[in-house]
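Good morning, and thank you for coming. I would ask you to keep the sequence and the structure in view while I speak.

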Amino acid sequence: MRAKLILFLQLSSKYRIYFLLLHQKTITKTKKRMKFRAILSLMLALACLTATGKKKVQKQQLWPDGTPVSEWFSDTTRVDLSGLKRYVVTDYGVDGYSTEVQTARLQAVIDRCANEGGGVVVIPRGTFVSGSLFFKPKTHLLIEEGGELQGSTRIKHFPVVKTRMEGQTLDYFAALVNADGVDGFTITGPGTINGNGQPYWEEFWIRRKYNRNCTNLEALRPRNVYISNSKNVTVQDVKIINSPFWTNHLYRCENVRYLGCYIYAPTENVTPVDPKRGAPSSDAIDLDVCSNVLIHGCYMHVNDDAVVLKGGKGTWADKDPNNGPCRNIIIEDCTYGKVHGCLTLGSESLDDHNVILRRIHVKSATRVLWLKMRPDTPQHYEYVTVEDITGQCGSFLVVRPWTQFFKPEDREDMPLSQCNNITIRNIRMTTKNFFDVGKSDKYRLTDFTFENINVKDEKKAFDPSLIDNCTSKNVVIE
């Protein structure tokens, strides 16, 4: 018995439990052994508590800045709308097999749903063509299998409203699906939101051919989804495709989940002007002054950046109350088709903090992490972690000045932009240029960490000396 006790004390808490379960039946009911059995029972309880404690510690996630990640980010449970009243649009005079633009009829269903206390606006099987729709508090959108909400090809069906575009608050065209101040708003599939962007893309490339300085805002195009000033938003299991402009744009939203979505826009052959051209500026998800965002298990293939953090632009952007930071963003377990950047901070971004990109597979990205540095805007990107990435890309890390359509102004107290505490680890990829980094007197790079890197790299330009206090550990570049 003494030998067994010594062996027990040498075991870890996990194996102590196994030991006790195997041996407690062999203990007789004599007083002496009853006493020893009580001691063993106490030790078993302590072992269980120790194991449970360790398990909890192991599960606790931390943000890059060391603060705890809320359990909210571990919950990918789908929102269940089955208990809400259904408003199937075909029950209210909307035709699912018509090429007619039915904006007014669809909006009437949304309004009725809101006026009667809320519920789910249901797009059943069929194609429903519409201009801008505006969802209201306690209303949700469900697009059933085989159902498609399709955007009109005429810009006149998208009213000009006060909105947010390219880091500015201005008058511009509303999106196809709009929700402002709709806490708890949910869009769910498995059907499709189809922006029907072909005519808009063609017009853009024609304009750009004859005027190289033509901006995005000069080419009149709506977005697919715009959600603003809302909390507890979920977009789940829906296909969002062919947006004329940005695919999903969220402004001043908190607690947002994108779960299992398919986000797509073509990357070539959209115009006879140039067959190599794809859907211009069709960003997958633009987060503009947002916090607590989880993007989980999504597929993204667009002719621009995938997930983009925004918040304002311009020399005085940090003084504008309409602008602001992005905080606490996790993108995980996603697959990228062809994109310009998997995660882009900029080009209209001020202050991004606690951002994680992890466990993704990249089929063909121009860049994985793109830190766009605008010389005309005070920017601060910090505590960003990119980890567990596989696949292939052009450049993995890009830090360069971004000067497209920028407008520098004189400002005596202009803050120096900086990127700090950027961690890149557990990377297994094939790249053309893993380290595409340039120095500038307009920004400072400090406290980068490269760890467990194994890449095949054509350029072989990795140079940690370009970054102050750069740490590299187990970096293999072939």
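This is a predicted model: local features need pLDDT of at least 70, side-chain atom pairs count only at pLDDT 80 or more; totals for chains, interfaces and linings use all residues.

Let me begin with helix 4, which covers residues 103–115. Which residues of helix 4 are buried? They are Thr103, Leu106, Gln107, Val109, Ile110 and Cys113. These residues cover an arc of only 150° around the axis, and therefore sit on the same side of helix 4. Ala104 and Asn115, on the other side of the helix, are exposed. Just after helix 4 comes Gly117, with a positive phi of about 105°.

I turn now to the strands, starting with strand 6, residues 139–143. Five of its five residues are buried. In a regular strand, side chains alternate between the two faces of the sheet. In strand 6, Thr139, Leu141 and Ile143 point one way, His140 and Leu142 point the other way, and all are buried. What are the pairing partners of strand 6? Strand 3, residues 119–123, runs parallel to strand 6 and is joined to it by five bridges; strand 11, residues 186–188, is also parallel to strand 6, with two bridges. Leu142 takes part in both pairings: Val122 stands opposite Leu142, and Thr188 in strand 11 is the bridge partner of Leu142.

Strand 25, residues 351–373, is mostly covered, with 17 of its 23 residues buried. Strand 23, residues 326–332, pairs with strand 25 in the parallel sense over six bridges, and here Ile330 stands opposite Ile356. Strand 24, residues 335–345, pairs with strand 25 in the parallel sense over eight bridges; Thr344 has Trp370 of strand 25 as its bridge partner. Strand 26, residues 380–401, runs parallel to strand 25 and is joined to it by 17 bridges, with Leu369 opposite Leu397 of strand 26.

Finally, the largest pocket. Its volume is about 1,100 Å³. How many residues line the largest pocket, and which lie nearest its centre? The lining comprises 44 residues, and Glu166, Asn216, Trp402, Gln404 and Phe405 lie nearest the centre. Helix 5, strand 22 and strand 25 are the elements that give two or more residues to this lining. By class, the lining of the largest pocket has 12 nonpolar, 14 polar and 18 charged residues.

One last residue deserves mention. Asn454 lies in strand 28, residues 443–457. Asn454 and Glu478 are 24 residues apart in sequence, and their C-alpha atoms are 7.9 Å apart in space.

Key:
Residues are numbered from 1 along each chain as its sequence is written. Side-chain values use heavy atoms; hydrogens and water are left out. Helices (H or I, at least four residues) and strands (E, at least two) are DSSP runs, numbered from the N terminus. The expected span of a helix is 1.5 Å times one less than its number of residues. Buried means under 20% relative accessible area, exposed over 50%, partly exposed in between (1.4 Å probe, protein chains only). The arc is that of the directions from the helix axis to the C-beta atoms. Two strands pair if DSSP finds at least two bridges between them. On a 1 Å grid over the protein atoms alone, a cavity is a set of points where a 1.4 Å probe fits but cannot get out, and a pocket is an open set with protein on both sides within 12 Å along at least five of seven lines; lining residues have an atom within 4 Å of a point. Grid points are joined across faces, edges and corners, and a volume is the space filled by probe spheres set on the points. Ala, Val, Leu, Ile, Met, Phe, Trp, Tyr, Cys and Pro count as nonpolar, Asp, Glu, Lys and Arg as charged, and the others, Gly among them, as polar.
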